[in-house]
Amino acid sequence: MNNTSKRMSAAGLLIAIGIVYGDIGTSPLYVMKSIVTENGGIANVNRELIVGSISLILWTVTLLTTVKYVMIALKATNHGEGGIFSLYALVRKRAKWLVIPALIGGAALLADGTLTPAVTVTTSIEGLKNMRFGDVIPVPSQEVVIMITIIILVILFSIQRMGTSVIGKAFGPIMLVWFTFLGVVGIANLSHDWSLLEAINPIHAIRILFSPANKVGILILGSVFLATTGAEALYSDVGHVGKANIIGSWPYVFVCLSLNYLGQGAWILHNASYHAGNGDFNPFFEVVPSNLRLFAIALATIAAIIASQALITGSFTLVAEASSLKFLPRMNIIYPSTEKGQIYIPSINKMICVVTVAIVFLFRTSHHMEAAYGLAITVTMLMTTILLFEYLGKKGKPLYLRLIFLIAFAFIEGMFLISSLTKFLHGGYVTVLIAGFILAIMYVWYYGNKVRDKRESRNAYVRLDEYTDMLTNLSHDEDYPTYATNLVYMANVKYNKFIKREILYSILDKRPKRAKAYWFVTVNVTNEPFTAEYAVNTYGTKNVINVQLYLGFKKQTSVNVYIRQIVHDLIADGTIEPQPQEYTTSPGRNVGDFSFVIVNDVISPQTQLVGYEKWLVEARVRLQNLSSNPASWFGLEYADTVIERVPLILGKPNPSYIKRIKPKDYSNAKK
């Protein structure tokens, strides 16, 4: 079932709550704590600061999450998938330069995915630090917090192969309890001071930015922004649950979050003289009655795990889309369920796990992590705004409305970006380094392909049907030894006839490869999970076969298995000649041996690229060689597979000549 056909249902709403809102749903764990800490502690707060800060939070979430993402961005889905790369795919034909915000935003979002698990899980476990249970203090130090956090993170990354459907069904009821708990605790504390509801007035949000009660000025936005960091992940995860279920579940989530922020504010105002004996202070845990504190910490820990899940699943989707857009090399993708939107990428899972654990070791406390958290996501949101401006244009919206949208959200997100940049030296540089590394890989792969396509000879493709006579003659030429009965090339045959010249170069020029039958196989992945179909074109021959495989995204790409069946089918109906085997353990066997060939490019010394373009193409080839084994893409790990390297000549090569001279006369040389 395509994701666009997902309708709102009770089960869908529950799974959406379990998958989508983990990141934004754990923001109450650290937003108010960060605001109070940055202002000098609870002793330096007053009513104006609390009301203004909560007003900033409520309106930030309203404008960025509700208006921009839920009301506008969720309409910009590509075959049911969301996220910045899907958005770029919708608008890329409008202007070539749009690839720049797509690359920057995608790299920043993937970098943010490594910080979310670290900061949320660490914050929740810190709630246990120095808590006494009878005469025992299970978590007496930050070192123990770090150890527990890493154990939880490793377990989380280990269960990703189960798929988001299974995880969502398990997490959905827990997250429903979590949001309900947030709302109930919030309203219980808010009942002591209903006047705090005046924070709904946006005037207080504007005033606090310039008020002396706010000691950090506009930089308060760096802490406020943490309340909406999950908005981009919400957009990326639409393919896992469907936009109808996100739209239907968001109002309940928003109300519960708002009540909790208001409740924390009410508690702070009524406990201005509070002093944490151990030096730690988190209003989220303080607003909870002492007899429910342990339950709150346990629930917060589980919610933090789910917050991590939202970014991890979103990262898988982003990487898969980046590969299809040729931003990243092709990777091995696993589909744990029958839904195409639910994927698992082992290599990316391992990479995020390693970086996340390293971040925990580097920063050690959630307060230090908060300095790095949020910077990358502000960049992503700004890039998404630019792409949405173009998407609205594609949909025919009037220019003045598009400009209002662009100016309003670019201004808001620009202010958040400026405030977040002040944290650069305090940890933001880590986010920039991670995002920069990812961006460099995507840049090299994308523009390396562009240079290759631009500089590649116009004769790079030839018509396969023009070489059928030559291949047929070679097949019957007994002057050449038989290379294989069935020689199979994994080759993308375009329009049923155009093939890269290097494929035929491999057969005819390197050393003529004689075979009973030449197979040129193209694998096409369909949007249905279990499609298993094929079409053949023999160009009127008995031994040159173009095979188009149409495989569902859930079907294993076991090309060797499918080809054997296809050979049987074509022999049975007389399309190709039988291949009787004299030496075999299977009497009556009429199918011969197979040799599979995958052609990879290597830069030829004759390539006349210089400087930047040469470096770019060479770096792209290195990336190709470091990516996963091409044989695994086609399920050929255990087949007789040859990976050939064919020289790639780019640019117009300068002819090289060597001058012939007469042999030197050494007859008069001294002996």
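Buried means under 20% relative accessible area, exposed means over 50%, and partly exposed lies in between (1.4 Å probe, protein chains only). The model is predicted, so local features need pLDDT of at least 70 and side-chain atom pairs count only at pLDDT 80 or more, while totals for chains, interfaces and linings use all residues. Residues are numbered from 1 along each chain as its sequence is written, and side-chain values use heavy atoms, with hydrogens and water left out.

Start by selecting Phe181 and Phe295. Phenylalanine 181 is buried at 10% relative accessible area, whereas phenylalanine 295 is partly exposed at 42%. Rings of Phe, Tyr and Trp (its six-membered ring) pair if their centres lie within 6.5 Å; planes under 30 degrees apart are stacked, over 60 edge-to-face and the rest tilted. That rule gives 16 aromatic pairs. Here the centres of phenylalanine 181 and phenylalanine 295 are 5.6 Å apart with planes at 75°, so this pair is edge-to-face. Phenylalanine 181 belongs to helix H8 (residues 164-190) and phenylalanine 295 to helix H15 (residues 293-324), so the pair ties together parts 114 residues apart in sequence. Helices (H or I, at least four residues) and strands (E, at least two) are DSSP runs, numbered from the N terminus.

Next, pick Phe405 and Phe409. Their ring centres are 5.0 Å apart and their planes at 50°, so the pair is tilted. Phenylalanine 405 and phenylalanine 409 are four residues apart in helix H19, about one helical turn. Phenylalanine 405 is buried at 7% relative accessibility, and phenylalanine 409 is buried with a relative accessible area of 7%.

Finally, select Phe85, Tyr88, Phe327, Tyr443, Tyr446 and Tyr447, which form one aromatic cluster.
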